[in-house]
Amino acid sequence: MSSDKTFRLDGKEIPFVEGETVMDAALRAGEYIPHLCHNPEFPPHGSCRVCVVDVNGRHQCACTLAADDSMNVDNHSEAIVSQRRTLLQMLFVEGNHTCPGCEKSGACQLQAVAYYTQMLSPHFTHFFPKRSIDASHPDIVFYFNRCILCGLCERVSREVDKKSVFAISGRGMDSKLVFNSPSGKLGDSELALDDKAASVCPVGAILPKRSGYEIPIGERLYDTRPISVVGDAAANFDAKKTPASKNSDG
Amino acid sequence: MKNLDRFIKVLSETTGNTPDCLLQLLCAIQNHYSYIPARAVNLLAERLQIPPVQILSLVDFYSFLHRQARGDFDIYFSDNITDRMFGSVSLFNSLCKNLGVEPGQPRADGRVTVDLTSCTGICDQGPALLINGLVISRLSEKRILKIAGLIESRTPLANWPKPFFRVEDNIQRRDKLLTPGAINSNAIEALATRGRDALLDELDASGLRGRGGAGFKTATKWRLCRDAAANEHYVVCNADEGEPGTFKDRVLLNRYADDVFEGMTLCAGIIGAKQGFLYLRGEYFYLREALEKTLQKRRNSNRLGNTISGQPGFDFDIKIHLGAGAYICGEESALIESLEGKRGIPRNRPPFPVTHGYRNRPTVVNNVETFVAAGRIAVFGAGWFRSAGTKTSSGTKLLSVSGDCARPGIYEYPYGTSIHQVLADCGASDTQAVQLSGAAGATIPAREFDRKIAFEDLPTGGSFMIFNQQRDLLEMVQNFTRFFSHESCGFCTPCRVGGTLMRDLVEKVLVGHATRYDLQEMTNIGLVMRKTAHCGLGTTAPNPVLDTLDKFPDIYSKRLANRSYEPAFDLNASLEVARCITGRNDEGAYIRHEK
C-alpha cells in the first residue's frame, strides 16, 4: 500500500490510504499505539479506550478514527500516557488480575501494555469481585477473573468461526461473558481448540489446558522485549515459534 | 407449559418472527408472566433462529426484564432525587415492611416484588411508583398503607381506586407550541401544496434545532438523510425520555400525540420514508394504548397508510417500539440498536444514523418536541417561529420544572428566558441551585441565575430541578452518580469502571471518610471519563461531581476527614473479627487515630 497522504503522529509523517484508521496506518508504519480490544485482523471495536489519542486537541479513539491529512496526533505526551495508565488501572481493579500467579504472565497484553505505560500500581481501590472459573471444556479453561470485556472472542466466534459461542451479557459493572450452550457451561458449547476465537484473547481469560508452562517464565513473549516491538499476543499465539521481529521504534 | 407454547406462537405471529422483534416479544412475555421463563428463551431461539444466549444477554441488559418471576404485583419506586426530596425512601421502606419483602426480592408466595428504578418522569407529582406498568403518583404514607392492603387482598389493579392512577399534565405556561390555536396543525396539507423542497427550506429558515439538548439543526439532519442514497429511509421519534427530571415528552405524548405523529409524517414525506418508529420508554408503557388509538384514528382518516391525504406515493406508517428500562437507549445509536432488538450499546460514529441508521439505512432520529415544532413550522412558517427566541436559538423550549417550588409542571418559554424568570414564575424561593438538563447537565448556583436558556448560554433538553437552601446537594450528587453507575451500558472502560469508582468515592465523602486526596481522585477520574468515554452518557456522567466540586466546594469540604489520606476501608471495623476470635477488648486491640 502506498499513498501520498500523510498525517503527523508525534511529529512523524505517517502515510495512509483513504479510509484507513489512525491505528492501522500507525501500525503499518511501525509506530505502536497501545490497544487491547483492537486486533488488526478484525474490524475495530473501540471499547477499551486505551488507544485514545489527542487529535488536533480532541481526544479520539485511534482504532476507529479514519485518518485524515489534517491530523496532528499526539500518542506519547504525558497527558495521554497518564490518562491511558488510569484506564489500565481501572481494568486492573475491576477484575482480579494477580499477575504473579497467572499462567499468561509474560505473554499477556494487559500486563505488557501496563509495563509499556509504566503503570506501577493498580492505584484504585480493588473491587475484588467474586468470579469463578469454567473448566468444563476438555481443552480450554475460562477465567472470569481475568476477562476485560474486550469482546474479541465474541466477535471472532460469530464472524470467523460462525459459532457464536460467546456473548456479553448484563449491563455496566454487571457485564460479563456468557457461553452459548444448553447448560451455560463452556464444555457444552461448540468451542474447539482450533477455533480462531480460542486464540484471540489478549489476556489470560481463555487458555488452552495442559500447556500453561510449556514456555518457562522469563522466556515468554514480553519477557525480554516490550509490546511495542513484539506486537499483540494473538498475533504471536503460536507461541512455540519464536515471535518474528517487527519494525520497531525501540 | 402448553399455555406458554401457545402464547409465544400467537405472540410471534402478531408481533413478528425476526430478530428485530426480540425486545418487543420479551416485553410482552415479561408483561404477561412477570418474567422470561427459561422455556420461553428456548422457544424464541428456535422461532427466531438465534442462539439462546443472545436472548439471555438482552434479558440481563434491560432493567425491566427478569429471569425470576416478579409475582402478581411488580412495583418499582421512582428513585430520582426529586422523589427522594419528597420522602420516597421512607415510603419505599414502609411498603417493604408492610408487605414483608426485601427490596428487589420477589416475595416467597409469588405475590409481589418491590424494587427501585431510575426516574420515571413523574417528578412534578412524585413520589411515584410503577405497578405492572401503571403509574401511581403523589405517594403518601396513607396511600402506601392502602396499596399494601390491596396487594394482600389480591385486588386486581382494575378495581383499585381510580385517583391513584391519575397523572396530571400540569401545563403551567404556554407559548407557540402549546397554544390551543396551534393544535391540530396541518403539516401534511402544507407539504402537498408547497412541496418538500419548499418546506425543507422553510424549516431551514426557521432555525429549528433538536430539542433533545444536542441542538443539531433539524433541516440539515433531514436534508442529509434525504440525500443519502438507499432503498429505504426511516423516521424515528426518540420518546425514551430518561434524563432524570424531564417529563415534557410524557405530556406531549399524552395530549399532543397527533401533533407528534403529524411531525413524523411530515419528516417521512420530506425524506421519503415508508416506516417510522416511536421509541417509547418502558416507563411510559401506560401511554401506549392511547397512542395506538391515535395511530389508528390517523390510519382511518388517511393521515397514515397508503397515498396519505390523496398524495400518490406518499405511503407511511408508524410502529410503537417499547423500551425496557435502559437510560442509554436515549442515545440515538443505542436507540437504533435497541430498535433492532439488541442490547442498547452505542455504535461507533461516524457513520451517523442520518446515513447508516436503522438496518444501516438513512434514519432521522429526533426528539418528540422537535417533531411537534417541525409540524408547526410547516403550517405557520419560519417567521412565526423566529418571532420567539434569540438569534441563534429560535422558537420556544418546554421545561420540565420540579423540586422545591410551588407550581411544578411544564413551562414553555421563548429561548433567552433567564433562570431567574423561571424560578419566579413557578414560585420558587430561597433557591440554592438549579440542576439544569438532568443528571448529565449543569448545576447552576444562585449567582448565575441571570443566565439564559439558549443554545449559546445554557443549552438544555428541558429538565429543571430546583433545590432550596435546606437541601444537601451532596445527596443529589450521590443520587446521580448511583444513577450513572447503574445505567452505564458497560461497553467502555472509563464509564463502566470510572463511573463506579466515582460512585464509591461520593459515598466515601458522605460517610465522612474522605480527604482532600479523594477529591483530587474524583477530579482525575472525572476528567478521564469526560475525555475518553465512548458516548455522551460516559462523557457527561462525571458532570454532577465536577460541577459541584467547582461551584459548591463546601458540600465536600465540610465532610472531609482531617487527614491527607484515608483508606477505603475502616481498619478498626475490619479488626472486629480478630478481636472476637482472640477475645480481646483492651485498648491495644484498637487502632488509635492521631489527630
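This is a predicted model: local features need pLDDT of at least 70, side-chain atom pairs count only at pLDDT 80 or more; totals for chains, interfaces and linings use all residues.
Two strands count as paired if DSSP finds at least two bridges between them.

Strand β6(A) and strand β7 (residues 140-143) of chain A pair over two bridges, in the antiparallel sense. Within that pairing, A:Ile133 has A:Tyr143 in β7(A) as its bridge partner. These strands belong to an open sheet of three strands in the order β6-β7-β10 (chain A), with antiparallel pairing. At its edges sit β6 (133-134) and β10 (206-208) of chain A, each pairing on one side only.

**Strand β1 in chain B**

Now hop over to chain B. In general, strands of a sheet pair through backbone hydrogen bonds, either parallel or antiparallel.

What about the side chains? In a regular strand they alternate between the two faces of the sheet. Here B:Phe73, B:Ile75 and B:Phe77 point one way from β1(B), while B:Asp74, B:Tyr76 and B:Ser78 point the other way. Are these residues buried or exposed? All are buried. With six of the six residues of β1 (residues 73-78) of chain B buried, the strand is largely enclosed by the rest of the structure.

**Two helices side by side**

Next, take helix α8 (residues 187-194) and helix α12 (residues 257-271) of chain B: their axes come within 8 Å and cross at roughly 25 degrees. Angles under 35 degrees count as roughly parallel, so that is the label for α8(B) and α12(B). On the α8(B) side, the contact is made by B:Ala187, B:Ile188 and B:Leu191. From α12(B) come B:Glu262, B:Thr265, B:Leu266, B:Gly269 and B:Ile270. Sorted by class, the contact has five nonpolar, two polar and one charged residues.

**A buried helix**

Finally, there's helix α14 (residues 332-339) of chain B. Eight of the eight residues of α14(B) are buried, so this helix is largely enclosed by the rest of the structure. Among them are B:Glu332 and B:Glu337, along with B:Leu335 and B:Ile336. What do the buried residues of α14(B) pack against? Their neighbours include the helices α2 (22-33) and α10 (218-227) of chain B, and strands such as β6 (234-239) and β7 (275-280) of chain B. Just after α14(B), B:Gly341 takes a positive phi of about 80 degrees.

Methods. Residues are numbered from 1 along each chain as its sequence is written. Chains are lettered from A and ligands numbered from 1 in the order in which they are written. Side-chain values use heavy atoms; hydrogens and water are left out. Buried means under 20% relative accessible area, exposed over 50%, partly exposed in between (1.4 Å probe, protein chains only). Helices (H or I, at least four residues) and strands (E, at least two) are DSSP runs, numbered from the N terminus. Axes are lines fitted to C-alpha atoms, for helices over the stretch in contact, and angles run from 0 to 180 degrees between N-to-C directions. Angles under 35 degrees count as roughly parallel, over 145 as roughly antiparallel, 65 to 115 as roughly perpendicular and the rest as oblique. Contact means heavy atoms within 4.5 Å. Ala, Val, Leu, Ile, Met, Phe, Trp, Tyr, Cys and Pro count as nonpolar, Asp, Glu, Lys and Arg as charged, and the others, Gly among them, as polar.
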